[in-house]
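Student: I have a model open and would like to learn how to read it. Where do we begin?

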Amino acid sequence: MGKCLTICLVMTLAGCVSVPKSVDEIKAAGKAKHSFCSGKSHQETVAIIEQQLNRCFTHGVQEIVGGTSNTFIEKQDTGKNTVTLASVVHANWNRFYQMRVDISALSTCPSFVEAYGMSDSWSDTTKLIQSWVDGESIDKC
């Protein structure tokens, strides 16, 4: 009975700490969400955020214990005035998402930005995106 309870507890906790395996999972989890309206054009806002995400999160292929790791930025243009940028880590056979940023052109806002992190500890990073767009903290990651 004790072993069964321990196994069930471990399985439950393991589910709580799992990392987002898709760009949709990271948004659905809603962790470290930060949103704002930028007065800059949609194209300019996307370019600023994409450049900063690449600078901060793209590290290319690196040797790690048991294989290789690759970090890169994935870009999806839905064609509906929304671009999604996501920071992806591919380590050996595991692939997970660290951050997702949606930039949408709305009639009420030239560039509405929504950023999500893989956990609540990413709040400072998701808030930093607004500083980048405002031309501040460009040197910070």
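Tutor: With two helices: α3 passes α4 in a right-handed crossing. Keep in mind that this is a predicted model.

Student: Which residues of α3 and α4 make the contact?

Tutor: On the α3 side they are Thr-45, Ile-48, Ile-49, Gln-52, Leu-53, Cys-56 and Phe-57. From α4 come Thr-125, Ile-129, Trp-132 and Val-133. Sorted by type, the residues of this contact are eight nonpolar, three polar and no charged.

Student: At what angle do the axes of α3 and α4 cross?

Tutor: Helix α3 covers residues 42-57 and helix α4 residues 123-133; their axes cross at roughly 130 degrees and come within 10 Å. That angle makes α3 oblique to α4.

Student: Now the sheet. In what order do its strands lie?

Tutor: The general idea is that side chains in a regular strand alternate between the two faces of the sheet. Here the sheet is open, has six strands and runs in the order β1-β6-β5-β4-β3-β2, with antiparallel pairing.

Student: Which strands stand at the edges?

Tutor: β1 (34-38) and β2 (60-64) do; each has a single partner strand, so one side of each has no neighbour in the sheet. Ignoring direction, neighbouring strands are turned by 15 degrees against each other on average.

Student: How many bridges pair β5 with β6?

Tutor: Strand β5 (residues 94-106) and strand β6 (residues 109-117) pair in the antiparallel sense over seven bridges.

Student: Which strands does α3 touch?

Tutor: α3 packs on the sheet and touches β1, β3 (67-77), β4 (82-91), β5 and β6, and its direction makes about 160 degrees with that of β5. α4 lies across β1, β5 and β6, running at about 10 degrees to β1.

Student: What do β2 and β3 form?

Tutor: They form a hairpin with two residues between the strands, and Gly-66 in the turn has a positive phi of about 85 degrees. The antiparallel pairing of β2 and β3 extends over five bridges, and Gly-60 stands opposite Thr-71 in β3.

Student: How many disulfides are there?

Tutor: In general, a disulfide is a covalent bond between the sulfur atoms of two cysteines. With a cut-off of 2.5 Å between the sulfur atoms, the count comes to two disulfides. One of them joins Cys-37 to Cys-109, S to S 2.1 Å.

Student: Which parts does the pair of Cys-37 and Cys-109 tie together?

Tutor: Cys-37 lies in strand β1 and Cys-109 in strand β6, so the pair ties together parts that are 72 residues apart in sequence. The torsion about their S-S bond is about 120 degrees, so this disulfide is right-handed.

Conventions. Residues are numbered from 1 along each chain as its sequence is written. This is a predicted model: local features need pLDDT of at least 70, side-chain atom pairs count only at pLDDT 80 or more; totals for chains, interfaces and linings use all residues. Side-chain values use heavy atoms; hydrogens and water are left out. Axes are lines fitted to C-alpha atoms, for helices over the stretch in contact, and angles run from 0 to 180 degrees between N-to-C directions. Helices (H or I, at least four residues) and strands (E, at least two) are DSSP runs, numbered from the N terminus. Angles under 35 degrees count as roughly parallel, over 145 as roughly antiparallel, 65 to 115 as roughly perpendicular and the rest as oblique. A crossing is left-handed if the near helix is turned anticlockwise from the far one by less than a right angle, and right-handed if clockwise. Contact means heavy atoms within 4.5 Å. Ala, Val, Leu, Ile, Met, Phe, Trp, Tyr, Cys and Pro count as nonpolar, Asp, Glu, Lys and Arg as charged, and the others, Gly among them, as polar. Two strands pair if DSSP finds at least two bridges between them.
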